[in-house]
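Subject: Structure handover and findings

Dear colleague,

Please find the structure below, followed by an account of what was found in it.

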Protein chains: 6
Amino acid sequence: MRILVVNPNTTASMTEKIGAAARSVAAPGTEIIAVNPAHGPESIEGYYDEVFSVPGLLEEIAKGEAGGVDGHILACFDDTGLDAARTAATAPVVGICEAALHTAALVAGSFSIVTTLARSVPALESLVQKYGMARQCRRVRASEVPVLALEDPDSDARAEIRAEIARAVEEDRAEAIVLGCAGMADLTRDLSAEFGLPVIDGVVAAVKLVEGLAALGLKTSKVGGYAAPLPKTYAGDFARFSPKT
Amino acid sequence: MRILVVNPNTTASMTEKIGAAARSVAAPGTEIIAVNPAHGPESIEGYYDEVFSVPGLLEEIAKGEAGGVDGHILACFDDTGLDAARTAATAPVVGICEAALHTAALVAGSFSIVTTLARSVPALESLVQKYGMARQCRRVRASEVPVLALEDPDSDARAEIRAEIARAVEEDRAEAIVLGCAGMADLTRDLSAEFGLPVIDGVVAAVKLVEGLAALGLKTSKVGGYAAPLPKTYAGDFARFSPKT
Amino acid sequence: MRILVVNPNTTASMTEKIGAAARSVAAPGTEIIAVNPAHGPESIEGYYDEVFSVPGLLEEIAKGEAGGVDGHILACFDDTGLDAARTAATAPVVGICEAALHTAALVAGSFSIVTTLARSVPALESLVQKYGMARQCRRVRASEVPVLALEDPDSDARAEIRAEIARAVEEDRAEAIVLGCAGMADLTRDLSAEFGLPVIDGVVAAVKLVEGLAALGLKTSKVGGYAAPLPKTYAGDFARFSPKT
Amino acid sequence: MRILVVNPNTTASMTEKIGAAARSVAAPGTEIIAVNPAHGPESIEGYYDEVFSVPGLLEEIAKGEAGGVDGHILACFDDTGLDAARTAATAPVVGICEAALHTAALVAGSFSIVTTLARSVPALESLVQKYGMARQCRRVRASEVPVLALEDPDSDARAEIRAEIARAVEEDRAEAIVLGCAGMADLTRDLSAEFGLPVIDGVVAAVKLVEGLAALGLKTSKVGGYAAPLPKTYAGDFARFSPKT
Amino acid sequence: MRILVVNPNTTASMTEKIGAAARSVAAPGTEIIAVNPAHGPESIEGYYDEVFSVPGLLEEIAKGEAGGVDGHILACFDDTGLDAARTAATAPVVGICEAALHTAALVAGSFSIVTTLARSVPALESLVQKYGMARQCRRVRASEVPVLALEDPDSDARAEIRAEIARAVEEDRAEAIVLGCAGMADLTRDLSAEFGLPVIDGVVAAVKLVEGLAALGLKTSKVGGYAAPLPKTYAGDFARFSPKT
Amino acid sequence: MRILVVNPNTTASMTEKIGAAARSVAAPGTEIIAVNPAHGPESIEGYYDEVFSVPGLLEEIAKGEAGGVDGHILACFDDTGLDAARTAATAPVVGICEAALHTAALVAGSFSIVTTLARSVPALESLVQKYGMARQCRRVRASEVPVLALEDPDSDARAEIRAEIARAVEEDRAEAIVLGCAGMADLTRDLSAEFGLPVIDGVVAAVKLVEGLAALGLKTSKVGGYAAPLPKTYAGDFARFSPKT
């Protein structure tokens with residue numbers, strides 16, 4: 001089985017880190033193909049960055065489809081471009097936020113999300129509502145750690161994340177913690193041991209969900225909102241994305 | 001007062017039609033600047049088309065901001081790119097779906113939306129939920145009229161829309177009708193008279209809302225989700241969109 | 001265009017203040033007619049006061065309709081009598097709470113309401129739910145300033161309101177503030193500058209919404225809940241209000 | 001124990017009918033005092049009629065309080081004036097809509113409401129939401145029987161109500177039926193037998209709830225929204241209602 | 001009238017206490033039959049204990065039905081086995097959590113629940129949602145008093161419960177308090193006086209609700225989810241529970 | 001990896017069928033141990049049957065835990081005993097209803113559930129709400145096929161299920177179908193091909209979810225509602241289930 005993991009930002013070191021996280025949990029027969037777009041933002045921190053990550057992301061999805069992958073993972077916690085990717089793929093597509101939330105709901109009665117920046121909180125609150133997790137999700141919290149600081153060994157990013165988890169356990173009475181960023185995968189086992197409850201990362205959760213969907217032969221429904229794009233002409237820079245029959 | 005109306009698709013005839021609709025209700029001192037992106041889909045019918053309309057749309061918003069407009073209208077009923085546009089603008093930004101829904105809620109206790117294609121229904125249902133209108137909105141209905149058919153005088157598009165409105169009145173007990181497409185502005189007065197209830201178009205609704213916000217000196221909040229994009233580097237095709245300090 | 005602004009309490013100085021606020025934002029061609037009932041409470045602070053403000057309010061609405069006004073504003077933040085006023089009017093009717101909430105939703109992802117007395121909070125929470133704003137509205141807060149103290153220059157009303165706004169920004173992470181009282185209109189620009197986010201007053205918001213509805217030729221739906229009252233006999237003191245054919 | 005049952009309309013024959021219904025289920029020691037206001041509409045059919053029934057209703061509540069009754073019932077299915085009555089009473093106050101809904105929730109997993117006129121449906125839908133019964137209540141249905149026709153033995157009111165119940169059972173899969181009008185109390189046993197499921201009338205349900213609350217010594221909370229009205233001056237016709245210290 | 005009160009745990013001293021509480025509010029003609037199962041947990045503290053209380057509980061319900069009781073009360077605040085008991089009974093069945101919640105909603109605009117252990121909170125939050133009380137219920141709070149400690153005069157259980165109520169009043173702005181445990185009935189009048197708001201116990205609330213339902217001749221609907229169990233064979237230990245035709 | 005699949009009813013032929021379905025999708029290294037309790041109902045059709053399946057189910061879970069399995073599946077679509085099983089297990093526990101719903105949400109924007117008997121619909125509607133899937137789940141439909149009829153090759157069970165699916169596609173505009181019964185696993189591929197959309201079975205969905213959770217090292221949270229049962233004495237028949245320290 002081959003799974004495409006698209007890091008929607010253009011920071012290759014983060015793609016590698018995400019790819020390594022994905023491979024660390026992949027089943028024996030699963031090949032993880034971790035890529036990032038050539039075009040777009042170096043990190044995704046808010047609604048504006050999201051926009052410019054999606055065309056490149058869809059380009060990678062299209063390549064994956066052409067190459068016959070068995071499933072796709074969108075490795076940005078905003079689940080950027082998820083609905084569009086589903087219209088463009090026949091293989092299943094899973095976002096890491098939805099992966100983390102569905103997974104958390106299976107091992108805990110409630111959870112809080114700890115993400116990076118306050119500016120990302122409203123978008124995540126919107127996703128929580130969209131996915132029907134408003135009751136289970138106690139609160140979306142920001143540790144005010146910039147995405148790329150997670151890459152920097154000299155930052156105190158981890159200390160700040162741990163402080164925010166401690167507050168979620170104390171104040172929100174959360175039964176589990178969801179780490180709301182693609183760069184946090186390697187922290188989960190330590191944090192889980194430290195806090196004595198499940199700490200969930202979306203990338204590894206998504207790998208197992210996509211492996212499962214693919215094994216079951218399930219594909220995205222093409223009835224309704226995820227129907228294939230209608231053939232039409234795109235003008236200018238986006239001409240090459242024009243949907244064909 | 002100058003209001004920028006961005007038709008996010010690249011069909012100039014539709015931009016003209018939208019601009020004319022906007023001008024037909026603009027206050028004496030309001031100048032309507034109707035534009036469309038140079039890049040992107042000729043019509044927006046589903047999640048995939050949405051993606052490729054937003055970069056061009058944001059380019060137009062940026063030009064409008066640079067030119068000092070007093071407000072922006074996004075003239076696609078999916079409210080494509082609305083959150084991102086708000087991060088990029090200081091003037092207020094209103095989408096035509098939210099404009100129509102908020103307006104409908106002021107003149108009726110309930111309403112149904114009549115849009116073009118079934119594939120657009122789930123995206124609109126998501127917006128209805130996001131805007132808090134799930135109780136007021138009885139149902140989102142598709143008349144199965146393609147967007148560009150509304151431009152074609154020989155199509156039976158209008159007959160099909162009227163049939164769907166009749167069903168909304170009868171089956172949904174809707175007290176008002178929202179027309180869920182940017183190309184339907186000129187139909188509202190006739191349909192309203194025919195069916196004896198408010199029939200609401202998002203473009204004209206948005207013009208009055210933006211005029212109002214601008215007159216009140218209200219600007220989009222920059223605290224939280226709509227904070228200005230953080231300065232960073234965008235790679236490749238999108239380099240020119242990189243947020244500056 | 002002529003807009004009737006009904007202050008549902010009988011304190012003329014507050015009517016003047018509300019009228020002045022409305023005029024300060026009215027479009028050039030808009031005439032604001034600010035009135036209050038002859039009968040009823042001097043201020044509206046809770047469910048009981050609400051009841052006795054509505055007959056007088058409807059009397060003013062009826063006069064306005066007879067005089068051919070283009071729209072009505074109910075200038076009490078409880079939106080007292082709004083549904084009834086809609087059955088009695090052909091011109092659109094907007095309450096200042098709903099005006100403020102819909103306006104806030106266009107410029108911010110979330111907001112908190114700061115009102116006067118704790119006893120008014122449950123009624124506002126009910127309105128928030130009725131209008132579908134439960135997700136956007138973080139919290140309804142009371143500053144414990146009595147309505148008429150807002151009229152008194154020697155009270156420390158403004159200091160208390162500012163303290164409550166500061167708490168809303170800090171504790172609720174609100175992106176905007178709605179002032180939950182008709183007597184606070186003149187505070188908004190200063191508070192908005194002080195706190196660096198939109199501070200919204202319902203009276204001025206309502207003026208722009210009614211101007212917009214009237215300009216669009218939209219009238220309250222008479223299909224369903226807002227149908228004109230059925231003709232019947234009212235006994236005793238209310239005989240003069242009996243609906244006629 | 002003495003319970004005041006206020007029919008908020010001024011039709012004495014309906015008051016008698018309601019009083020008889022209440023007495024038919026009252027416990028041995030319970031005295032039912034059925035009254036109606038001297039002032040106001042002869043029947044309540046929509047938001048406008050509601051307004052003019054409440055001052056008279058509160059006058060009756062005040063008399064009841066002065067006379068030391070143990071509880072109050074508001075016998076209009078719109079629960080007109082319920083919140084205000086609670087601020088004015090120390091004894092518990094129950095509306096017949098809420099009584100019917102809470103009772104239905106104890107004997108069935110879901111129910112539909114069958115009321116008189118379509119114009120009353122939106123108000124009842126609002127109550128259903130306010131009381132938290134949106135999941136349990138499948139649908140609010142109108143049989144298009146005017147309130148006073150229920151008084152007329154020659155009308156086919158009952159046949160129409162039965163037809164609507166049949167539709168609720170078939171189409172809504174309702175497990176119980178709530179009769180949404182104060183004049184339907186005598187129909188419930190027959191209809192219950194005919195349709196083989198609970199058919200619930202609000203008046204008799206309210207009698208048992210108020211008897212229970214009074215027996216438990218429970219009174220309306222005076223902390224928050226139902227605090228006693230603040231002393232102040234009411235102008236004109238309503239001077240006699242001015243709250244005293 | 002005879003009402004069966006089933007304490008679903010096997011601690012006879014608690015059954016006596018519950019029975020005494022029930023009798024203290026029962027109407028003159030009401031006989032309270034307080035029982036507990038012979039089989040099952042000595043107290044119910046969480047989901048696991050719940051399971052083993054229900055077979056015995058249903059055995060008591062069946063005996064009650066055979067003996068012709070007029071109604072049943074399930075006296076565990078988790079409303080353990082309520083849906084199953086309704087399928088097995090013709091007389092009405094009321095749980096003490098739902099009884100307390102419906103009763104609270106009639107005398108206050110909002111309330112908080114104070115229960116014993118934190119582990120019970122998620123189950124109660126689920127019930128709150130199921131019963132539609134999510135808006136009215138501000139918070140479910142645990143005082144961390146074990147169930148059986150309420151039986152022990154030397155414990156400081158009552159002091160801890162009072163401290164938690166004080167927090168609910170202060171932090172949650174609750175207008176009433178629901179005591180979330182079957183052993184707290186004798187505390188309500190004192191606490192209600194101390195805190196100046198309604199403090200509600202589920203056992204006594206349920207007695208009055210069941211008396212009311214029985215007096216009205218209302219029985220659980222047998223259409224839909226509460227239909228009598230289909231006849232079939234139960235294997236092993238549970239053979240004696242096999243539903244018969 | 002070893003996964004325990006508990007069929008909570010006592011019909012061994014169904015256990016075999018469920019085991020075979022589970023094995024058909026298990027990963028190479030996964031051993032499926034399919035069991036059913038010795039005690040309890042032969043099929044689970046409604047709330048009453050549920051009760052008597054759970055003690056035996058928990059006995060099987062306990063054996064599985066003692067044997068060191070890596071995860072548990074509860075193979076009844078009512079997710080009977082799920083919360084209790086989680087308190088009793090350290091390995092993750094997944095119900096087949098939640099498995100099917102979370103899986104459906106990853107491949108379709110909406111779905112309908114087709115189950116066996118109308119009496120089971122309310123319980124499933126409750127689960128849909130509990131899991132936060134009320135928006136995604138269009139409707140829970142009953143085909144009126146008894147559970148054991150699915151075992152009978154001569155019944156017309158499959159024809160009736162297909163007819164109900166057809167109605168879900170047409171009337172509910174569902175984008176996917178969830179089969180709401182543990183005995184339908186072998187139908188999914190054919191039905192999916194016939195109807196051109198994902199048809200999802202809970203048993204196979206649960207296998208892949210549990211494999212995923214186990215691979216990630218995720219265990220049920222023991223903080224809050226799923227904490228291990230407190231040690232205490234169970235009386236009578238259930239003494240052997242008494243939780244130990």
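In which helix does F:Gln129 lie? F:Gln129 belongs to helix α5 (residues 121-130) of chain F; helices (H or I, at least four residues) and strands (E, at least two) are DSSP runs, numbered from the N terminus.

Some conventions apply throughout. This is a predicted model, in which local features need pLDDT of at least 70 and side-chain atom pairs count only at pLDDT 80 or more, while totals for chains, interfaces and linings use all residues. Residues are numbered from 1 along each chain as its sequence is written, and chains are lettered from A and ligands numbered from 1 in the order in which they are written.

The surroundings of F:Gln129

With 17 other C-beta atoms within 10 Å, F:Gln129 is partly exposed. A residue is buried if 20 or more other C-beta atoms lie within 10 Å of its own, exposed if 12 or fewer, and partly exposed in between, with C-beta atoms placed from the backbone. Apart from neighbours within four places in sequence, F:Gln129 is in contact with D:Arg135 and F:Ala134; two residues are in contact if their C-beta atoms, placed from the backbone, lie within 7 Å.

Chain A as a whole

Chain A contains eight helices and 10 strands. Its radius of gyration is 17 Å, close to the 18 Å that the globule rule gives for 245 residues, so chain A is as compact as a globular protein of that length. That radius is taken over C-alpha atoms, and the globule rule is 2.2 Å times the number of residues to the power 0.38. The C-alpha trace of chain A spans about 55 × 35 × 35 Å along its principal axes. Of the 245 residues in chain A, 66% are buried. Among contacts in chain A between residues at least 6 apart in sequence, 67% join residues at least 24 apart.

Chains A and B

The contact between these chains draws 43 residues from chain B and 43 residues from chain A. On the side of chain B that touches chain A, the elements giving two or more residues are β3 (40-41), α2 (47-66), α3 (82-88), α5 (121-130) and β10 (234-235) of chain B. The largest share of that side, nine residues, is supplied by α2(B). By type, the residues on that side of chain B are 22 nonpolar, 12 polar and nine charged; Ala, Val, Leu, Ile, Met, Phe, Trp, Tyr, Cys and Pro count as nonpolar, Asp, Glu, Lys and Arg as charged, and the others, Gly among them, as polar.

Strand pairing also links the two chains: strand β10 (residues 234-235) of chain A is joined to β3(B) by two bridges, and the strands run antiparallel. Two strands pair if DSSP finds at least two bridges between them. The bridge partner of A:Tyr234 in β3(B) is B:Pro41.

By contrast, no contact joins chain A and chain D, whose closest C-alpha atoms lie 16 Å apart. Chain C and chain F likewise have no contact, and their closest C-alpha atoms lie 16 Å apart.

Strand β8 of chain B

From strand β8 (residues 177-180) of chain B, B:Ile177 and B:Leu179 point one way and B:Val178 and B:Gly180 the other way, and all are buried. Strand β6 (residues 111-115) of chain B runs parallel to β8(B) and is joined to it by four bridges; B:Val114 has B:Leu179 as its bridge partner in β8(B). β8(B) also pairs in the parallel sense with strand β9 (residues 199-201) of chain B, over three bridges. In β9(B), B:Leu179 has B:Asp201 as its bridge partner.

Helix α6 of chain D

Helix α6 (residues 157-172) of chain D has 16 residues, which at 1.5 Å a residue should span 22 Å; its end C-alpha atoms are 22 Å apart, which agrees. The expected span is 1.5 Å times one less than the number of residues. Buried in α6(D) are D:Ala157, D:Ile161, D:Ile165 and D:Ala168. Seen down the axis, the buried residues of α6(D) fall within an arc of 70°, so they line one face of the helix; the arc is that of the directions from the helix axis to the C-beta atoms. On the other side of α6(D), the exposed residues are D:Ala159, D:Ala163, D:Glu170 and D:Glu171. The cover over the buried residues of α6(D) includes β6 (111-115), β7 (137-142), β8 (177-180) and α7 (188-195) of chain D. After α6(D) comes D:Arg173, whose phi is positive, near 50°.

Yours sincerely
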